[in-house]
Amino acid sequence: MDKIKIIGGQSLSGKIRISGAKNAALPLMCTSLLTKEPLVLKNLPQLADVFTLGSVLSHLGVKTTYEGQAIGEHQATFHAQGPILPEAPYDLVRKMRASFLVLGPLLARTGYAKVSLPGGCAIGSRPVDIHLKGLEALGAKITLEDGYVIAQTQNGLVGAEFSFPVVTVTGTENILMAAVLAQGTTRLLNCAVEPEITDLAHCLQAMGAKIEGVGTPILTITGVSSLHGTTYSVLPDRIETGTYAMAAGITGGEVELIGTDLALIPTTSQALEAMGMTFKKTAQGFIATGPSHKLKAVEVTTDPYPGFATDLQAQIMALACVAEGTSLITETIWENRFMHVPELARMGADITIKGNTAIIKGVNSLKGAPVMATDLRASVSLVLAALTSSEETIVNRVYHLDRGYEELENKLGACGAIIERVREGSTYDISTTTHPLKAAG
Ligand code: EPZ
């Protein structure tokens, strides 16, 4: 398995182009099932999760072609001309649980869908009960057989009113995609309002869907008989944006983030300003500047958008590890999203967990160490921590990183980080070898 080697201590300086949002690209790709015409997605991030979902869609009968090389120029065409095989098998869905997003569109398109239950993941049990309740509200008959969800309708889905008992991002996305082809009007209450959902609604509108209330917790959908294809550009990744802004913060550097918008991370930028960072909007995005002195301690609680994003919780914890004073970070969305804590502790962090709150006492500096990535966002928090330590850190199992961060080592390396990917099978003995990167000076 690939590793990432980092020798930190540099203040980052330069420009980073932000890629298209993983969590927007995935539902957008699934909308291709709702039309027989081609869907072209621009600014598609080249990520393992995107390719995994692409293979699920291909299995269902969607013709998929990728083109474009440079970041920001990637695009793909998804063409579900038919025939559609409305069955998503376990061995594909288990690789990437967001594949469960094919359920609503498949049911809307064919009146039948057999999709493997996605199962949990490292951060929690990840139930999908609300997805199923929403589809039942639209008239679907749902049965569970051998770990599969079987959803079917006799004469197509029928518009209804449904209130989400819990704010759920992919739950909102699944039901929205099902409702756009339902007969009559659907009113969805307590919807998630993440920017990725707004992006999905805008793409569906471009395909001919009739949706009102976009960006609010109440969506009113008037079903149409069919949708046409379109060309749509994926919105910038706000989690990547926040992550690289924090890289500037933890290294006391200054980085311009290009192809993104500070408005995508409202609560995060406020928290980072409270820690001593400053932000300046530019024509192409914004400049994130870390303080010349130590970061200040912070208190954050994760919450659905526009609250503090749970997907940035591990990252801001890395900053808190070297801040002046004691920080409190409370995780309210996932029951097991502190797996980065023991790994940060291996680097000398002083963190105590009480229930769903982490108490972080800032230390003067972190040590380098071999650490283990456990999930997508935990892995990048270890990278941030490594950037502030002048010693060498090896992050293992970086396949987690490859799921959500396009060309991470190139983006950070271009800003002065000493960071290298060690391909599988190459030998490297930390203790005896003069680090090749150190030798480079
Ligand atoms: C999406 O996951 C994101 N994934 C997650 O990002 C993100 O952490 C999460 O939203 C919260 O923002 C994608 O968009 C692909 P939820 P999702 O349904 O939709 C409970 C990353 O790192 N719930 O909004 O699966 C659930 O247990 C990933 O990119 C039910 O109880 O999350 C949780 O407590 C990790 N029943 C809460 O709702 C359901 O049927 C929010 O979950 C659905 C959800």
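Colleague: How many of the twelve residues of H7 are buried?

Modeller: This is a predicted model, where local features need pLDDT of at least 70 and side-chain atom pairs count only at pLDDT 80 or more. Residues are numbered from 1 along each chain as its sequence is written. Buried means under 20% relative accessible area, with a 1.4 Å probe and protein chains only. H7 is mostly covered, and its buried residues number nine.

Colleague: What do the buried residues of H7 pack against?

Modeller: The buried set includes Pro195, Ile197, Leu200 and Leu204. Contact means heavy atoms within 4.5 Å. The partners of the buried residues include strands S3 (38-42), S12 (210-212) and S14 (230-233). The helices among them are H1 (22-30), H6 (169-179) and H8 (238-251).

Colleague: Which residue just after H7 takes a positive phi?

Modeller: H7 covers residues 195-206. The positive phi comes just after H7, at about 110 degrees. The residue is Gly208.

Colleague: Are H5 and H6 roughly parallel or roughly antiparallel?

Modeller: Their axes, lines fitted to C-alpha atoms over the stretch in contact, lie 9 Å apart. The packing angle is about 20 degrees. Angles under 35 degrees count as roughly parallel, over 145 as roughly antiparallel. Therefore H5 is, relative to H6, roughly parallel.

Key: Side-chain values use heavy atoms; hydrogens and water are left out. Helices (H or I, at least four residues) and strands (E, at least two) are DSSP runs, numbered from the N terminus. The expected span of a helix is 1.5 Å times one less than its number of residues. Buried means under 20% relative accessible area, exposed over 50%, partly exposed in between (1.4 Å probe, protein chains only). Axes are lines fitted to C-alpha atoms, for helices over the stretch in contact, and angles run from 0 to 180 degrees between N-to-C directions. Angles under 35 degrees count as roughly parallel, over 145 as roughly antiparallel, 65 to 115 as roughly perpendicular and the rest as oblique.
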